[in-house]
Amino acid sequence: MTVGNSELGYTGGGGGLDAVTAPGPRARTGVGPADLERISATTTRIRTAVETVIEGKPEVVKLAVTVLLAEGHLLLEDVPGVGKTMLAKALAKSIDCTVRRIQFTPDLLPSDITGVSIFDQQRKEFEFKPGAIFANFVVGDEINRASPKTQSALLESMEERQVTVDGTTFHLEAPFMVVATQNPIEMEGTYPLPEAQRDRFMARISVGYPAPAAELRMLDTHGQISPLEELRPVADASEIAHLIEAVRHIHVSDEVRRYTVDLVNASRTSPELRLGASPRATLQLVRAARAAAAMEGRDFVLPDDIQHLAVSVLAHRLLPTAETQISRRTTEQVVAGLVAAVPVPSLGGGAHHSRR
Amino acid sequence: MTGRLRIGIAAAVALLLTSSGLLRLLAPGTWVWPIVLAVIVAAASGELFRRLIRPRPLVVLAQAVVVFWYDMVLLAHDEAFAGVLPTWSVFSRLGNLYSTGAHDIRDTFVGGQATSGIAAILVLSLSALAVLVDALAATYAAAPLAGLPLLALYLVPATRSGGGYDWLAFALAAAGYTALLSAEGRDRLGRWGRPLVHAGRQRTGADGKPVAAPKARVDTGPIAATGHQITMYALVLAVLAPILLPTVSGGLFGIGPDSGNGNGNGNKDNGSFSQVLNLKATLASHSEAPVLNYTSTKPEYLRLQTLDEFNAKSTTPWTPDPNAPLNPLPDDGTVSATVPGLTLTNGVQPPTVNVNIDYESHMTTKVTATGLSSLPLPYPAKHVGIPTTGFSYDTNSLAVMGVSTIYDGMSYSATVYDTTSLPPGALANVTGLTPQDMTQFKLGQDLDATGTPSEVVQLAQRIVAGKTNPVDKAQAIQNYFLDPASGYSYTLNVPDNMTGASAMTYLLHEKKGFCQLYADTMAAMARAVGIPARVALGFTPGVQTGGQWQVKEQDYHSWPELYFHGIGWLRFEPTVGIDNTLISGGHGRIPNYSTSTAGSTTAPSQNPTSTTGPSSTASSANKCPVQIRKAGGCTDNNTDTGTAAPAAKSKFSWLGWLGAIPRFLQYWLFGGSGYAIAVRFVLLALLLIACVPMVLRIARRRARGKLASGRRAKGGPEGEDGLDWESADVPSPRRPEEDPERQRILAAWDEVRDSATDLGYSWPVSETPRRSAERIIRQAHLSRPAQDAMGRVTGLAERANYARTLRRPSAPETAPTPALMDDVKVIRAGLAEPVSRRTRIRATVLPPSALAALRERREDFTGRVYERVQGAGSRLRPRGSRGGSGGSGSGESGGSSGSRPERRGDGHGGR
């Protein structure tokens with residue numbers, strides 16, 4: 001068993017890995033070049049497709065696909081109008097699978113998400129009407145507009161990939177991915193996501209404004225017809241499930257694991273943070289790194305992958321201290337500082353101290 | 001401890017350390033403790049009043065009152081009311097004490113006991129200084145200004161004491177002031193800046209126990225550490241440099257080792273050269289004061305006087321002949337038309353040398369007993385030209401003396417015979433004394449050896465045993481003293497007040513002494529074997545500067561003159577090391593009288609006896625230091641006949657097996673006092689230590705090269721092509737760090753990293769291999785091949801570090817990759833290209849990577865020691881926060897330190 005939760009000495013919490021069947025015989029020998037090529041080809045197709053909609057943001061798109069392959073959920077947080085919803089919808093549409101979109105409003109009820117049992121007059125029994133969560137892709141728009149109780153209805157489904165209504169548990173189909181957007185500017189009448197729920201998102205991405213050239217191109221393409229309409233699926237759900245399965249067998253060496261733990265530990269001991277990253281964060285960081293490595297055609301994870309993903313995966317889970325907030329340091333900056341400080345272990349030699 | 005208290009304490013310590021210089025002025029005694037107490041009282045009262053009173057002038061005033069009260073109780077309590085309350089009489093008492101002390105200071109010599117008056121002055125002034133320093137440093141927070149009173153205090157002993165600036169006193173004073181500045185800087189830094197360590201937050205460590213929250217304070221560690229280092233280097237340099245500089249110049253340029261400290265000679269202005277053997281006082285002063293200059297074609301011993309009378313029981317055993325036959329000097333200045341007693345050369349007189357002498361000293365050359373002044377003059381003088389009249393000459397010794405003084409600025413000339421180069425044939429014909437000699441030269445007194453210790457007589461007889469020629473006998477005695485095998489050494493450090501007999505036994509037993517002992521003993525030994533001898537007083541030839549020879553006070557010297565029938569008086573030089581300025585400070589020339597007529601094959605010159613005159617061959621031989629001769633380094637001995645070998649040859653011959661070491665290094669290492677030698681060896685050891693990083697780096701590079709170059713031979717290029725990596729993708733049964741292939745790659749990678757670090761490229765520990773490589777490629781503007789090489793090595797290193805298998809999964813058709821170490825070489829060349837020459841030299845001589853490795857080892861060691869100490873103390877208190885999560889430090893350091901101890905246990909090979 002080369003992968004799994006036990007590698008980090010952590011077995012509780014996330015049920016994501018358990019939802020998929022145990023690794024087959026090939027899993028023991030790791031991932032083959034055919035798998036890598038397939039991952040590479042498929043993800044390239046998806047990225048190309050999405051990038052026809054989202055101009056000039058290859059990094060954002062890549063990160064979104066990484067989260068998809070890593071079985072994570074994505075939180076898109078940015079000012080209005082930069083294409084959060086567009087990205088979510090484009091990603092969903094590029095894959096041939098069931099997509100549901102939930103517009104979160106203050107009056108949205110938990111049952112709208114999970115589903116509700118309705119009394120069938122003819123059969124004289126309750127019948128379960130599945131909610132919007134029953135899909136491969138769930139696009140939650142303006143997630144912070146809904147009340148906390150509605151938000152928390154997402155919790156179980158996101159983490160455990162199942163929904164329990166009236167004591168009955170319904171399993172969700174794989175792949176399952178929640179892409180939520182939220183707007184950090186208009187905080188009036190919103191309910192910011194609680195820490196517990198933020199922690200369930202693998203990564204938080206800020207789309208950001210496009211470059212002037214990209215914005216010009218966007219004027220051309222979006223002027224006539226929405227490119228989203230043109231978007232055709234380039235992969236199907238079963239293929240994505242297969243890729244996810246393959247990504248799990250990407251090799252993570254002891255050094256990289258140790259590095260990840262060091263990095264997460266550093267966030268827990270950092271004097272700039274009130275709350276450090278959870279063990280779930282460690283897991284999801286490694287999982288995301290696996291996906292990133294596979295997308296680059298590598299069958300092993302580099303510390304580079306961890307470093308590259310650390311800000312996106314860790315920053316939204318951390319709570320800064322009052323001093324940090326007063327000195328206007330964001331948690332992104334803090335994580336970047338930690339990445340720049342924690343030594344990268346290497347085989348045999350340990351961290352070398354050339355300059356300090 | 002508050003910052004201000006620390007400053008106050010530092011100020012008191014600085015004052016005490018600086019005042020320790022006073023111990024050089026006065027002998028330690030009971031006066032020390034009242035001063036220490038006064039400083040403590042000042043510091044304590046200052047701290048107390050700073051806490052009680054706000055306005056700073058009032059603090060100083062109150063402090064002054066308390067300290068004055070302390071002084072009063074100490075010095076004038078019997079005048080005070082009830083012993084504690086000041087009255088007017090207290091002031092007059094203190095005033096009296098002060099004036100008494102001021103009077104005593106004038107009468108007290110350096111190193112004397114402190115009288116009560118002096119002690120009172122010291123206590124009063126130190127009290128005032130203590131209040132001043134404390135007020136400046138702590139109350140007014142101007143510690144740098146407090147250095148002024150400290151400097152004043154330091155200068156008191158430094159300018160008064162004869163020995164110049166003592167290094168220990170300087171080091172103590174400087175250390176005290178530095179401590180004061182350091183305390184002040186710490187306080188100042190502590191008040192500003194963002195607190196880096198937070199208080200009041202409890203964290204849970206890895207073991208579940210709450211980790212003690214560190215106190216909120218500014219972490220001044222790095223700044224303080226840098227400051228400490230700079231200060232340490234500056235202090236050590238300041239202390240060492242003055243010790244070294246004169247010595248170095250002495251070794252290289254012929255200036256005496258103790259030059260530069262000669263201003264303390266108190267009797268310089270109105271002293272006189274002691275005519276009655278107290279050379280030691282003159283020599284011990286090591287005075288660089290000039291005595292005279294002369295122009296001459298060869299170095300000349302300038303004689304003042306001869307001492308013929310010997311009294312073994314007296315503390316001044318050798319005295320001038322009181323009945324010397326004095327003749328007035330003729331108007332034409334002729335002293336002696338011929339060399340006295342020279343008959344064996346068939347009337348041929350030796351060559352003459354013209355000497356022009358300028359006397360430049362305030363010292364008189366007056367003989368106390370006779371009231372006559374002696375003229376410094378080489379022996380034997382044929383003719384002298386003196387500007388003043390009234391001079392006479394001793395027909396026996398040819399010493400010129402007069403009633404008028406030899407004054408500063410007096411110039412005179414002389415024509416002297418050169419008796420050091422008499423033909424060996426003449427010397428060989430020397431026979432026993434005749435009655436005519438005895439009467440003509442009053443040799444009876446010169447043969448008087450009464451009271452000479454029997455062991456001296458026996459030694460003399462043993463030395464001359466088997467020799468018939470008196471010249472040979474005399475030469476044997478001289479050689480006995482100079483022979484390294486005899487073990488004699490030069491020192492001025494001999495007991496005072498020795499009688500003639502005890503001085504000789506002292507020399508023979510202790511085998512050390514200075515010119516006076518050697519000259520006296522040789523003269524007595526010569527007399528004991530029947531050769532007339534007398535002791536001459538005067539100067540060694542001095543140092544040649546330009547066309548002139550300069551004679552200084554430290555060239556004051558004494559040597560024996562021996563009489564031979566048919567030859568006359570010949571000068572000998574038994575003083576060991578007198579020809580080596582590093583040993584004795586003297587500039588003597590050792591004569592060598594040979595009776596061998598065999599001649600030499602290389603240079604049948606007119607000068608077959610090896611003289612010690614101006615010839616370069618002889619002088620180079622004579623420069624051989626005694627220590628080296630002792631070590632057997634000098635193969636060319638001075639008794640050898642015909643040493644007129646070419647200069648180059650003799651230069652190398654005496655080096656012998658030490659020839660590989662440059663000559664100046666030998667001088668530098670072995671010359672001078674034991675203290676200087678020790679300092680030099682310490683320096684040499686430091687130099688060797690400084691070479692450690694370079695050697696370590698080279699050794700590492702070798703080892704890695706050996707390890708890495710074996711890779712291709714085994715792995716082979718077929719690993720890159722054809723081979724289905726999936727089927728070959730069997731994880732090694734070994735642990736990855738024990739896989740030899742990985743070790744090879746990692747060795748090459750480490751070499752790249754160390755090369756880059758050495759050449760000044762930063763390589764942060766938090767950077768991944770890929771990012772480091774990319775950054776360095778950009779920084780160094782690597783050429784295309786070097787970039788490719790860097791890419792290959794980096795890729796391999798990544799796989800070796802982090803992949804499960806080493807096989808490259810793609811690109812089977814790539815060109816065959818060059819050997820790993822070739823890539824490394826290409827990279828290193830590329831890295832070295834853009835950096836400055838200085839950086840490249842540093843990369844070779846003092847490679848930072850090796851330094852870092854050494855530091856890491858040191859930290860590792862101290863860490864282990866710390867753990868052991870902590871483990872020993874673990875019974876007393878639960879294991880601290882250090883081990884687990886490193887929660888006590890800041891986050892960054894916590895993370896890094898947390899990872900390191902684990903790494904150690906991995907059993908990493910190949911390093």
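**View 1. Four aromatic residues of chain B gather in one cluster.** In this predicted model, Tyr480(B), Phe481(B), Tyr488(B) and Tyr518(B) form a single aromatic cluster. Rings of Phe, Tyr and Trp (its six-membered ring) pair when their centres lie within 6.5 Å; planes under 30 degrees apart are stacked, over 60 edge-to-face, and the rest tilted. Over all chains, the structure holds 17 aromatic pairs.

The model is predicted, so local features need pLDDT of at least 70, side-chain atom pairs count only at pLDDT 80 or more, and totals for chains, interfaces and linings use all residues. Side-chain values use heavy atoms, without hydrogens and water; residues are numbered from 1 along each chain as its sequence is written, with chains lettered from A and ligands numbered from 1 in the order written.

**View 2. Tyr301(B) meets Trp559(B) edge-to-face.** A pair of aromatic rings is described by the distance of the centres and the angle of the planes. The centres of Tyr301(B) and Trp559(B) are 4.9 Å apart and the planes stand at 80 degrees, so the pair is edge-to-face. Tyr301(B) lies in the loop between strands E3 (290-295) and E4 (302-307) of chain B, and Trp559(B) in strand E19 (residues 556-564) of chain B, so the pair ties together parts 258 residues apart in sequence. Helices (H or I, at least four residues) and strands (E, at least two) are DSSP runs, numbered from the N terminus. Tyr301(B) and Trp559(B) are both buried. Buried means under 20% relative accessible area, exposed over 50%, and partly exposed in between (1.4 Å probe, protein chains only).

**View 3. Trp749(B) and Trp763(B) form an edge-to-face pair.** Here the ring centres are 5.5 Å apart, with the planes at 70 degrees. Trp749(B) sits in helix H23 (residues 740-758) of chain B. Trp763(B) is 14 residues away, in the loop between H23 and helix H24 (769-780) of chain B. Trp749(B) is buried at 5% relative accessibility. Trp763(B) is buried at 6% relative accessible area.

**View 4. Phe564(B) belongs to the largest nonpolar core.** A nonpolar core is a set of buried Ala, Val, Leu, Ile, Met, Phe, Trp, Tyr and Cys residues joined through side-chain atoms within 4.5 Å. The largest has 92 residues. Phe481(B), Leu562(B), Phe564(B) and Ile567(B) have the most contacts inside it. Helix H16 (residues 515-528) of chain B gives the largest share of this core, 9 residues. Beyond its neighbours within four places in sequence, Phe564(B) is in contact (heavy atoms within 4.5 Å) with residues including Val430(B), Pro470(B), Ile531(B) and Phe572(B). Another core, of 82 residues, lies apart; among its members are Ile54(A), Met177(A), Val179(A) and Ile205(A).

**View 5. Arg50(B) and Asp134(B) join two helices of chain B.** Side chains of opposite charge can pair when their charged atoms come close. A salt bridge is a side-chain nitrogen of Lys or Arg within 4 Å of a carboxyl oxygen of Asp or Glu. Arg50(B) and Asp134(B) meet at 3.1 Å, N to O. Arg50(B) lies in helix H2 (residues 32-52) and Asp134(B) in helix H5 (residues 116-139), so the pair ties together parts 84 residues apart in sequence. Arg50(B) is buried, with 7% relative accessible area. Asp134(B) is buried too, with 2%.

**View 6. Asp446(B) and Arg527(B) meet in a salt bridge.** The N to O distance is 3.6 Å. Asp446(B) is in helix H12 (residues 443-446) of chain B and Arg527(B) in helix H16 of chain B, 81 residues apart. Asp446(B) is buried, at 0% relative accessible area. Arg527(B) is buried, at 3%. Elsewhere, salt bridges that share partners build one network, whose members include Arg697(B), Arg701(B), Asp750(B), Asp754(B) and Arg828(B).
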